[in-house]
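Here's a walk through one protein model, taken piece by piece.

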Amino acid sequence: MTAQAHDTTTTTTVTAARPARRADAGTVRLSQRDIDGLLLCGEHYGAPYDLLALALRVAPDRLPQIVARRRRAGYADTGRLGPGPEWCWLTRAGMTATGLGFPATEPSLGRLARIRAVLAARLWLQASPVWAAGRPWWHSERRLRADRPAAGRREHVPDAETLWPSVQASPYTGQVWAIEVELPAAAFTPEPQP
């Protein structure tokens, strides 16, 4: 009698289940960096890409991806407003999401140099060790104007104020600094036409 060997190998097919769809699929999830950038743009009427990248501590070539996520969410708009880098500013939905409550408008061409200079001054101050130790608050011109009654909004307000809290490490406890950025007259003088 001869025994015959039979192949009893069984093949099992396993179908991988698709991962469950996120409940928030299709929505943009914002990081703290996104929120910080939205607040900064809202407080300063908008921000040029180079200074926004500096404020968010990201490489300038990464910023377009970050800003694109905000645009997809409907919170921001971008564009080239003049010579230099592109700008980012908040839409109505962005202002609502941040709770700032300011009008959602594209930055005025006549104010671009001032907006840029004030933001540069803010970033310069915030980069100092004194800022980190003292933990002051930056109150933008927009916030200062919003805090005034409608009748007083035409009066001059500084470009910003820094409020130094009464904390032990603060070298300027309880002080309020008015920030004024002066631009050279050439920044406002139109070039002669031929």
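Let's start with a sheet: three strands make it up, it is open, and the order is 1-3-2 with antiparallel pairing. Strand 1 (47–48) and strand 2 (76–79) are the edge strands, each with a single partner strand, so one side of each has no neighbour in the sheet. Strand 2 and strand 3 (residues 87–90) run antiparallel and are joined by four bridges. If you want to find one of them, go to Thr78, whose bridge partner in strand 3 is Cys88.

A word on the terms: two strands count as paired if DSSP finds at least two bridges between them. Helices (H or I, at least four residues) and strands (E, at least two) are DSSP runs, numbered from the N terminus.

## What you're looking at

This is a predicted model, where local features need pLDDT of at least 70 and side-chain atom pairs count only at pLDDT 80 or more, while totals for chains, interfaces and linings use all residues. Residues are numbered from 1 along each chain as its sequence is written, and side-chain values use heavy atoms, with hydrogens and water left out.

## The main nonpolar core

The largest nonpolar core has 21 residues, and Cys41, Leu52, Val58, Leu63, Val67, Cys88 and Leu119 are the ones that touch the most other members. (A nonpolar core is a set of buried Ala, Val, Leu, Ile, Met, Phe, Trp, Tyr and Cys residues joined through side-chain atoms within 4.5 Å.) At least two residues of this core come from each of helix 1 (32–43), helix 2 (49–56), helix 3 (63–72), strand 3 and helix 5 (112–126). Helix 2 is the top contributor, giving five residues. In soluble globular proteins, nonpolar side chains tend to be buried together.

What does Val58 touch, leaving aside its neighbours within four places in sequence? Its contacts are Arg33, Ala53, Leu63 and Ile66, where contact means heavy atoms within 4.5 Å. Apart from this core lies another one, of ten residues, including Ala117, Trp138, Ala160 and Trp164.

## Strands 4, 5 and 6

Strand 5 (160–163) has partners in two strands. Four bridges join strand 4 (residues 137–140) to strand 5, and these run antiparallel; another set of four bridges joins strand 5 to strand 6, again antiparallel. Ser140 has Ala160 as its bridge partner in strand 5, while Glu161 stands opposite Ala178 in strand 6. Buried means under 20% relative accessible area, exposed means over 50%, and partly exposed is in between (1.4 Å probe, protein chains only).

Take Ser140, which lies in strand 4. Ser140 counts as buried because its relative accessibility is 1%. Leaving aside neighbours within four places in sequence, Ser140 is in contact with Glu43, Asp159 and Ala160.

How many aromatic pairs does a search of the whole structure find? There are four. Rings of Phe, Tyr and Trp (its six-membered ring) pair if their centres lie within 6.5 Å; planes under 30 degrees apart count as stacked, over 60 as edge-to-face and the rest as tilted. Trp131 and Trp164 have ring centres 6.0 Å apart and planes at 70 degrees, so theirs is an edge-to-face pair. This pair links distant parts of the chain, 33 residues apart: Trp131 is in helix 6 (residues 129–134) and Trp164 in the loop between strand 5 (160–163) and strand 6 (176–179). Both Trp131 and Trp164 are buried.

Trp164 also pairs with Trp177: the ring centres are 4.9 Å apart and the planes are at 50 degrees, so this pair is tilted. Trp177 is partly exposed, with a relative accessible area of 25%; for Trp164 the value is 4%. Trp177 also has a polar contact of 2.8 Å between its side chain and that of Gln175. (A polar contact is a pair of N or O atoms within 3.5 Å; within protein, one must be able to donate a hydrogen and the other to accept it, and residues adjacent in sequence count only if both atoms are side-chain atoms.) Ring pairs link Trp131, Trp164, Tyr172 and Trp177 into a cluster.
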